[in-house]
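Here are my notes after going through this one with you in mind.

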Amino acid sequence: MKKTKLASSAAAALMLLTSLASAAPDNTCAADEMRDMTTMEIVRDMGIGINLGNTFDACPDWYGDDWIAMWSDGKPNNYETAWGSPVVTKEMIEGMAKEGFGVLRIPVAWSNMMAHDGTYTINSEYDARIHEVVDWTIESGMYAIINIHWDGGWVNKFPDDKEESMKRYSHMWEQIADSFKDYNDYLMFESQNEELGWESMWNPWGGTEGKAESYALCNEINQKFVDIVRNSGGNNSKRHLLISGYNTGIDRTCDSYFKMPNDPADRMAVSVHYYTPAGFCILEDKDESWAKARSTWGTSEDYNELNSWMDMMKTNFVDKGIPVIIGEYGCPTKGKEADSVRLFISSVCKAAYERQLCPVLWSTPDSTTDDGVLIKGHYDRTAFKLADQQLQKELFAIGGKEFSPRSSTPDAVKGDVNGDGKLEVADLVAFSKWLLSDKDADISEWKNADLDGDGRLDCFDLCLMRKLLLAK
C-alpha cells in the first residue's frame, strides 16, 4: 500500500473528522459468517495441500543470539528470507492455488521480533505480515492453516519448566486467536507442530517409564489450546481446529494414551506427519546410525508400508468421525532419483486422499549445496508453479481443485474501505483516521479508497469520497 501523508491531507482529514464525528457510526468491520459445515466436510473440501515451509518458520535459536536481527534491519522480510525463501508475494501464493492446491499450511515462528521480557508479546509488524499472507491465501481460493511451529525449540522446555512454558504458550495463542478472530472458516488454527512429545520424559525405544506423563502433558497442552481459542471471541467459538498428534507420529498418535481434547463446538481434526521410510524421506545422500540413505522408492514392501500407515489413521480416526490432515509429507530431491520422488509424493497423496485424509506436501525454497549445485524445491517460488509439471498433473488428477479466487469484496464499492459492501459515513471517518495515522483505523479494503486512480491515498481521494457521499 502506498501512502502519502502530506500536511494538507492531515488538515483536511481533521476538519472532516471533526464535523462528522457526532454522526459517525461504529466502523468496525462485521465478522464473516462461519458456514454450517462439519470439520470432516471442511477437510474434504480442502482437497490436497502444500506447505509454505522454511519461510515464516525460519528463526534463530532462541537459546542463543538472534543472528537474523544482528545481520539485518530486523524486519519481517528479513526473517521470512533467512532460510533461503524469496520474499513471499501474492503471485507466489496464487500460483499454488493455480496448481490445484486447496489448502496452504503456513508454519509460523511467532517469537521472531518478540520482546523477550517475559511478556511474550507478539510484534505487531510480524503479525501484520502473517495477516497479509493469510489474506492472499484465502483470496486465492485456498484454505489457510497457521500454527506455532518449531519456533526455536522453546516447546522442548515444557518438562523442565512447565509453568513458564505454559504461560508462554497460552499468552501467544491468546494473541493469535484475538488477532484472527474475525476470519471465517477458511482459516484453521493448528495447536503446534511436531514438538508435543518429549524423550526426556519418555524414551519410545526404552520401555514405558514416563510414557503416561509425557502423553498427559501433550494432551494438557492441546486442551489449553482449545480452551483459549473457544473463549477468545469473534468466530473462534466455531473455528475449525487442528490438533497436533503426539510428535505427529502416526503410531504414537494412534496410541490409546493420546486423547483428543474436549471441545464444546466439536470442530476438530487431528494432525500427523508422514516421512517414511526415513532413509528416503529424511536422509539425502549420507547414511546415519538409524537409517541408510535411499535414492529410490517404489517396491512392493514400500507400498505395503504406506498403505498400512494410512489404514491405521483411517481406522483409528476417520472411521470414528475424526478428520485427519497429514500436515507434512514429502522427501528431499537431493540424492534422489527424480522418478522415485514423483512416485513417492503422488503415491502418498493418493493413499491418503482415497481414505479421506487431507495430504499437505512439505515444500521448501530452492537451495544450493556447498559446492554450488542448485537443489530444487517442489514448488518453484519464482516461476509460481511446481518444478515437476508431470507431478502437478498427477496430483491434480488425485484431488486438485480448479483455480477459483475469492475476493474479499466480490462487488467492489467505490469508497467502501471497511468491506461491508456499502459507502457510508463510517468509511469516510475510517479513511480520515487513517490519514491521521490512527493505527486502529479499519481500511482493510484500502484499494476502494483510491478514487482518483493514481495509486496513492491522500486528501484528494478523501474529497472525492465526501462528494460521493453527498451525492447519495
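1. Let's begin with a threonine. Thr248 is buried, because its relative accessible area is 2%, and the cut-off for buried is under 20%. Keep in mind while reading that this is a predicted model. Thr248 sits in the loop that runs between β5 (241–244) and α9 (250–253). Its backbone deserves a look too: phi is positive, about 50°, although Thr248 is not a glycine.

2. Next, Thr253, which belongs to helix α9. Thr253 has a relative accessible area of 0%, so it counts as buried. What does Thr253 touch, not counting residues up to four places away in sequence? The list is Gly245, Tyr246, Thr248, Phe258, Val270, Val272 and Phe317.

3. You'll find Tyr120 in the loop between β2 (103–106) and α6 (124–139). Buried or exposed, at 9% relative accessibility? Tyr120 counts as buried, because the cut-off is under 20%.

4. If you set up anything with backbone torsions, note the peptide bond between Thr276 and Pro277: it is cis, with omega about 0°. Pro277 lies in the loop between β6 and α10 (278–281).

5. Now the strands. Strand β7 (residues 324–329) is mostly covered, with six of its six residues buried. Which residue of β8 is the bridge partner of Tyr329? That is Leu361.

6. On to charges, where a search of the whole structure finds 22 salt bridges. One of them links Glu328 and Arg105, with the closest N and O atoms 3.0 Å apart. Glu328 lies in strand β7 and Arg105 in strand β2, so this pair ties together parts that are 223 residues apart in sequence. Both Glu328 and Arg105 are buried. As background, side chains of opposite charge can pair when their charged atoms come close.

7. Two other salt bridges have partly exposed partners. Asp319 and Lys314 meet at 2.8 Å, N to O; Asp319 counts as partly exposed at 48% relative accessibility, and so does Lys314 at 27%. Glu424 and Lys422 meet at 3.7 Å, N to O, against a cut-off of within 4 Å. Glu424 is partly exposed, with a relative accessible area of 30%, and Lys422 is partly exposed with 43%. Elsewhere, salt bridges that share partners join Glu80, Arg129 and Glu132 into one network.

8. Gln392 is placed in helix α13 (residues 389–399). Gln392 is buried, because its relative accessible area is 11% and buried means under 20%. Leaving aside neighbours within four places in sequence, Gln392 is in contact with Glu99 and Leu386. There is also a C-alpha separation to note: Gln392 and Phe101 are 291 residues apart along the chain, and their C-alpha atoms are separated by 9.7 Å.

9. Last, the surface. Which residues make the nonpolar surface patch of about 620 Å²? They are Trp67, Met70, Trp71, Trp83 and Trp150. Trp67 is found in helix α3 (residues 67–70), and with a relative accessible area of 37% it is partly exposed.

How values were computed: Residues numbered from 1 in each chain as written. Predicted model: local features only at pLDDT ≥ 70, side-chain atom pairs only at ≥ 80, totals over all residues. Heavy atoms only, no water. Patch = residues over 30% accessible without salt bridge, like charges linked within 9 Å, V, L, I, M, F, W, Y side chains within 5 Å. Areas by Shrake-Rupley, 256 points an atom, 1.4 Å probe, with all protein chains shown as cover. Salt bridge = Lys/Arg side-chain N within 4 Å of Asp/Glu carboxyl O. Helix = DSSP H or I, 4+ residues; strand = E, 2+ residues; numbered from the N terminus. Buried < 20%, exposed > 50% of the residue type's maximum accessible area, 1.4 Å probe, protein only. Pairing = 2+ DSSP bridges. Contact = heavy atoms within 4.5 Å.
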